[in-house]
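Welcome! Please keep the sequence and the 3D view open as you read.

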Amino acid sequence: MPRTALRICPLCEATCGLTLTIEGTRVTAARGDRDDVFSKGFICPKGASFGALDADPDRLRTPLVRENGELREASWEEAFDAVARGLRPVVERYGADALGVVLGNPNVHTMAGALYPTVLLGAVRTRSLFTASTVDQMPKHVSSGLLFGDANAIPVPDLDHTDHLLLIGANPLESNGSLCTAPDFPGKLKALKARGGTLTVVDPRRTRTAKLADRHLAIRPGADALLLAAMATVLFEEGLVDLGDLAPHVDGLPELRGAISDFTPETVAGACDVDAGTIRTLARELAAAPTAAVYARIGSCTVPHGTLASWLVDVLNTLTGNLDRPGGALFPQAATDRTPRPAGPGRGFSLGRWHSRVRRLPEAKGELPLSALAEEIDTATPEGEPLRALIVIAANPVLSAPDGDRLDKALGSLDFMVSVDPYLNETSRHAHVVLPPPPPAQSPHHDFAFNTLAVRNQVRYSRPAVPLEPGRMAETEILARLVLAASGMHGADPAAVDTMVIDQTLGKAVQDAHSPVHGRDPHELAARLTGADGPERRLDLMLRLGPYGDGFGARPDGLTLARLLDHPHGIDLGPLRPRLPQPLKTPSGKVELLPAPLAADLPRLREALRERPTGLVLVGRRHLRSNNSWLHNVPALTGGTNRCTLHLHPEDAARLGVRDGEPVRIKGAGGEVTAPAEVTDAIRPGVVSLPHGWGHDRPGTRLGHAGREPGVNVNQLLDGTLLDPLSGNAVLNGIPVQVGPAGVPAALAPEN
């Protein structure tokens with residue numbers, strides 16, 4: 001007889017609750033969990049395909065070990081023996097920084113990916129960390145760190161209560177939201193309009209989200225920071241700045257006014273391709289709305305001025321008094337956050353504490369730019385050793401980083417590489433050892449990261465829906481063993497990793513005067529933790545010490561793992577609430593509106609006022625049935641409108657001699673690709689668009705369905721030199737390209 005089990009969907013940031021139908025050990029159907037306290041039954045095509053992803057026949061089931069140049073199946077013992085033999089000699093001979101760690105986007109979608117990579121980094125002590133954040137969201141972390149003193153203090157729009165929402169470079173009807181965890185984002189936008197609110201979308205494409213808007217502005221790609229700066233200038237010029245209750249918590253208002261005063265609507269209009277009157281109207285409407293929020297995402301982050309744009313989003317929220325108030329942009333409070341400390345000055349946020357070896361690119365939030373990974377492997381300099389070994393966890397940088405061809409070659413030159421990945425993909429095919437985690441139905445799930453970005457405070461946890469298949473190893477154990485192998489403790493009990501973390505956490509907590517367990521015995525507290533294994537005990541620990549926790553009995557009605565397990569659909573912790581000044585960790589203890597690194601970057605923004613692209617520029621795009629390179633091997637999630645085509649406007653197509661459906665050549669600084677043309681007036685003239693995450697045509701992979709319709713790798717058009725200097729984020733949008741019919745040599749193609 002079929003049975004049902006609850007599971008939180010791990011396939012995008014919306015974190016919807018699912019009800020799975022299971023026959024034996026196979027997931028045969030998935031529907032939305034109507035009783036889920038957060039998603040209330042919402043589901044998208046990705047969640048509905050959970051069973052197909054879970055049962056993908058191309059998922060690896062046993063470890064692979066390279067022998068005589070070929071990968072063969074191996075036992076777990078053989079695999080970890082090989083990892084220890086491969087990693088430790090590199091560290092001992094060349095130093096810790098010769099070992100790189102690459103973390104991919106899926107790490108924030110798994111419990112193991114949240115709990116163990118930080119332990120790994122602490123154990124190996126390498127500064128060579130590269131993650132997907134620097135091709136996606138690092139500008140928001142840097143701007144938040146400089147404004148609020150904490151790179152993870154990211155305010156999110158109060159979607160359920162706002163009267164006015166300005167979306168920039170975001171398409172949540174396709175992405176389901178990003179850095180804003182909101183199940184049924186489309187429904188929330190429709191509800192905003194139904195209650196009389198206003199939705200404005202700024203995007204060079206007429207996306208599904210733009211079609212829903214009251215106003216759509218087809219801005220020139222990369223000009224978001226100019227538009228936002230001009231709006232802020234209007235607020236100052238016209239006396240519309242009103243901090244309200246924020247006033248005691250804000251520093252630098254006069255300095256900000258002086259720093260941006262020359263970015264007037266009339267000055268920026270030509271560079272933005274948005275007329276000055278419209279810019280003034282946007283600012284006035286934002287100020288006049290009873291409540292309002294500005295929200296910007298990947299389209300505004302992956303551009304040359306991504307950090308300035310991210311900063312100006314929160315500047316506008318602050319100047320209109322909408323930061324930290326209901327209906328505006330608020331700071332979520334996750335159940336596993338640290339115990340809130342009293343408000344007061346903090347250490348702030350620093351950039352450039354160390355640099356990459358080749359281009360001397362500064363670190364941000366402890367990370368080096370992913371765009372620098374290839375050169376850090378293949379380029380010799382007097383500044384230390386190149387990377388000689390890599391640990392790659394749930395990452396496919398050959399497709400997600402610029403110039404995948406160069407990185408592809410560089411990975412093949414490494415002394416040793418280990419990948420934790422369920423697939424033999426474009427990156428893991430280079431590994432000396434591949435460690436495959438089990439399918440999602442066989443893993444527990446709690447959203448550590450996304451609950452810190454959720455539009456409503458809540459907490460949910462789901463245990464594995466089906467037992468671990470014989471021969472599989474839990475992802476938590478894989479990563480714990482990887483920690484031991486990389487740190488010279490190979491062969492130790494993997495449970496020791498969790499025990500160490502628990503002991504260290506409690507040891508610090510009992511010495512913290514602000515902790516609910518101050519002065520207590522850490523051993524007695526550890527003995528009180530519940531859970532079926534180490535990861536669950538760590539979750540119980542974080543819940544108990546968190547803002548809603550029981551404090552190990554100090555608050556009898558507080559949160560524990562046992563209480564959470566009694567609520568399989570989750571526990572609602574209430575709407576977002578004002579929290580300032582508590583989240584602020586700046587040296588002043590206030591929102592610092594004009595941090596020095598941002599002020600120093602404004603001259604570069606002024607230079608952009610003179611820029612007028614004469615040819616075509618490229619932007620990316622998302623599809624509801626896709627998520628980076630993850631899901632192209634699931635037949636139900638490809639085909640139809642989810643195709644790797646080049647969107648271009650009819651005027652550009654006619655000028656270039658390109659016909660709909662015919663192959664078109666696209667050339668950038670990093671290389672050239674060919675894709676079918678899709679002529680559409682949903683994109684503004686002068687702009688073309690290719691989706692991200694395709695290019696599954698390299699030999700040696702085992703992605704049967706994806707390989708039949710591989711598409712092309714848009715990031716091959718980039719050479720990795722274009723970065724936002726403050727955050728190190730790759731510039732993926734607004735890059736110049738040449739386009740022409742595929743059969744016409746570049747020298748003879750029509751001019752752009």
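How many bridges join β23 to strand β26, and in which sense do the two run? There are 4 bridges between them, and β23 and β26 run antiparallel. Please bear in mind that this is a predicted model.

**The barrel and its strands**

- A barrel is closed by 6 strands, and its order is β21-β25-β22-β24-β23-β26.
- The pairing in this barrel is mixed.
- On average, and with direction ignored, neighbouring strands of this sheet are turned by 45 degrees against each other.
- Together β23 and β24 make a hairpin, with 2 residues between them.
- On the other pairing, strand β26 spans residues 735-741.
- Ile 666 is a handy residue to look up here: its bridge partner in β24 is Val 673, and its bridge partner in β26 is Val 739.

**Helices α10 and α11**

- Helix α10 takes in residues 224-237 and helix α11 residues 253-260; their axes come within 10 Å and cross at roughly 120 degrees.
- That angle makes α10 oblique to α11.
- The crossing of these two helices, α10 and α11, is left-handed.
- On the α10 side, the contact is made by Ala 229, Ala 232, Thr 233, Phe 236 and Glu 237.
- On the α11 side, Leu 253, Leu 256, Arg 257 and Ile 260 take part.
- Sorted by class, the contact of α10 with α11 has 6 nonpolar, 1 polar and 2 charged residues.

**Helices α12 and α13**

- Helix α12 (residues 265-272) and helix α13 (residues 276-288) have axes that come within 8 Å and cross at roughly 115 degrees.
- The helices α12 and α13 are therefore roughly perpendicular to each other.
- Here α12 passes α13 in a right-handed crossing.
- From α12, the residues in contact are Pro 265, Glu 266, Val 268 and Ala 269.
- From α13, they are Ala 276, Ile 279 and Arg 280.
- By class, this contact of α12 with α13 has 5 nonpolar, no polar and 2 charged residues.

**Helix α5 and the residue after it**

- In α5, the buried residues include Pro 117, Val 119, Leu 120, Leu 121 and Val 124.
- Arg 125 follows α5 and has a positive phi, near 60 degrees.
- You will find Arg 125 in the loop between α5 (117-124) and β7 (129-131).
- Is Arg 125 buried or exposed? Arg 125 is exposed, with a relative accessible area of 66%.

**Another positive phi**

- Lys 40 has a phi near 50 degrees, which is a positive value in a residue other than glycine.
- Lys 40 lies in the loop between β3 (26-32) and α1 (45-48).
- Lys 40 counts as exposed because its relative accessibility is 60%.

**Loops on either side of β19**

- Which kind of peptide bond joins Leu 580 and Pro 581? The bond is cis, with omega about 10 degrees.
- Pro 581 sits in the loop between β19 (571-575) and β20 (591-592).
- His 567 belongs to the loop between α23 (561-565) and β19.
- With a relative accessibility of 34%, His 567 counts as partly exposed.
- Along the chain, His 567 and Ala 213 are 354 residues apart, and their C-alpha atoms are separated by 37 Å.

Conventions: Residues numbered from 1 in each chain as written. Predicted model: local features only at pLDDT ≥ 70, side-chain atom pairs only at ≥ 80, totals over all residues. Heavy atoms only, no water. Buried < 20%, exposed > 50% of the residue type's maximum accessible area, 1.4 Å probe, protein only. Axes fitted to C-alpha atoms, helices over the stretch in contact; angles between N-to-C directions. Parallel < 35°, antiparallel > 145°, perpendicular 65-115°, else oblique. Left-handed = near helix turned anticlockwise from the far one by under 90°. Contact = heavy atoms within 4.5 Å. Nonpolar A, V, L, I, M, F, W, Y, C, P; charged D, E, K, R; others polar. Pairing = 2+ DSSP bridges.
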